[in-house]
Amino acid sequence: MAHVIAIAGKGGVGKTTLCGMMIQYLCNRKKGPVLAVDADANSNLNEVLGVEVETTLGDIREEIARAEMSVKSPIPAGMTKADYAEFKFSSALVEEDDYDLLVMGRTQGKGCYCYVNGLLQAQLSKFQNSYPYIVVDNEAGMEHISRGVLPSMETAILVSDCSRRGIQAVGRIAQLIKECDMHPSSVGLIVNRAPGGRLNDGIKEEIQLQGLNLLGVVPQDEQVYEYDCEGKPTTQIPDSSPVKKALYEILDKMNL
């Protein structure tokens, strides 16, 4: 059974960059193969990792849902929707040396997707037994996990920047985790982009007020910004980078 790590936080705090580096950390520590799942509607984990994605699970879900209404179905005669879904979902898996990537994508059409979501859930449950770790990059909420589409999480890592709004946002996510009865073994906060790698008293106060478990602090680093501007995968930043060093020290302490 895979150890599922879910990463969430307010938009624009650098959680996808940290998520990509966490995947790299697990691969470097020979804990793979890792299944990386981009569950953010604004998907760009593949860019952080430096891989191309041709299709998303949302695209396939849309295609199968439309097939029911289409005069000429894309599903070959004699093939069930479940078999066609399995074939298509496997083709959406981007395979790398130490990890594989699935991009959830988003649904654009109208109508009921309950049946197709059930097919998706069944396919993803098969992956749960094939990987030691599944790392999920979520959007601000935990929709895919709370609805049971993705496997239940073991570890929740909430990412914020050095702002009260960011800390308050992850505080709401932590509360959502409790309300949805998810019961992860651990829930912790990483504060990203901290000037000089330090927190001021106001942010420390807000973290305490929200009842969050601070895992560690990752400093601001212009090199991350430069890589992003140049279109380079941020996972290619040297291991000597303050960001990578700080994050890896946090992950070492977590004993993943």
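Biologist: Before we start, what should I know about the pLDDT limits and the numbering?
Modeller: This is a predicted model, in which local features need pLDDT of at least 70, side-chain atom pairs count only at pLDDT 80 or more, and totals for chains, interfaces and linings use all residues. Residues are numbered from 1 along each chain as its sequence is written, and side-chain values use heavy atoms, with hydrogens and water left out.

Biologist: Which residues touch the most other members of the largest nonpolar core?

Modeller: A nonpolar core is a set of buried Ala, Val, Leu, Ile, Met, Phe, Trp, Tyr and Cys residues joined through side-chain atoms within 4.5 Å. Buried means under 20% relative accessible area, exposed over 50%, and partly exposed in between, with a 1.4 Å probe and protein chains only. Among the 44 residues of the largest core, the ones touching the most other members are M142 and M153.

Biologist: Which helix gives the largest share of this core?
Modeller: Helices are DSSP runs of H or I with at least four residues, strands are runs of E with at least two, and both are numbered from the N terminus. Five residues of the core, its largest share, come from residues 164-179, helix α7.

Biologist: How many residues are in the other core, which lies apart from it?
Modeller: Its members include L49, V51, V218 and V243. The count for this other core is 36 residues.

Biologist: At what angle do the axes of α1 and α10 cross?
Modeller: Axes are lines fitted to C-alpha atoms, for helices over the stretch in contact (heavy atoms within 4.5 Å), and angles run from 0 to 180 degrees between N-to-C directions. The axes of α1 (residues 15-28) and α10 (residues 242-254) come within 10 Å, and they cross at roughly 60 degrees.

Biologist: Which residues of α10 make the contact with α1?
Modeller: On the α1 side, the contact is made by L18, M21, M22, Q24, Y25 and N28. Ala, Val, Leu, Ile, Met, Phe, Trp, Tyr, Cys and Pro count as nonpolar, Asp, Glu, Lys and Arg as charged, and the others, Gly among them, as polar. By these classes, the contact has eight nonpolar, two polar and two charged residues. On the α10 side, the residues are V243, K244, L247, Y248, L251 and D252.

Biologist: How many residues of α1 are buried?
Modeller: K15, T16 and T17 are among the buried residues of α1, and this helix is mostly covered. Of its 14 residues, the buried ones number twelve.

Biologist: What covers the buried residues of α10?
Modeller: The buried residues of α10 are V243, K244, A246, L247, Y248, I250 and L251. Their cover includes α1, β7, β8 (214-219) and α9 (222-229).

Biologist: Is N255 buried or exposed?
Modeller: N255 lies in the segment after α10, and its phi is positive, near 55 degrees, in a residue other than glycine. With a relative accessible area of 68%, N255 is exposed.

Biologist: Where is the cis peptide bond?
Modeller: Look at the loop between α1 and β2 (34-38), where P33 lies. With omega near 0 degrees, the cis bond is the one from G32 to P33.
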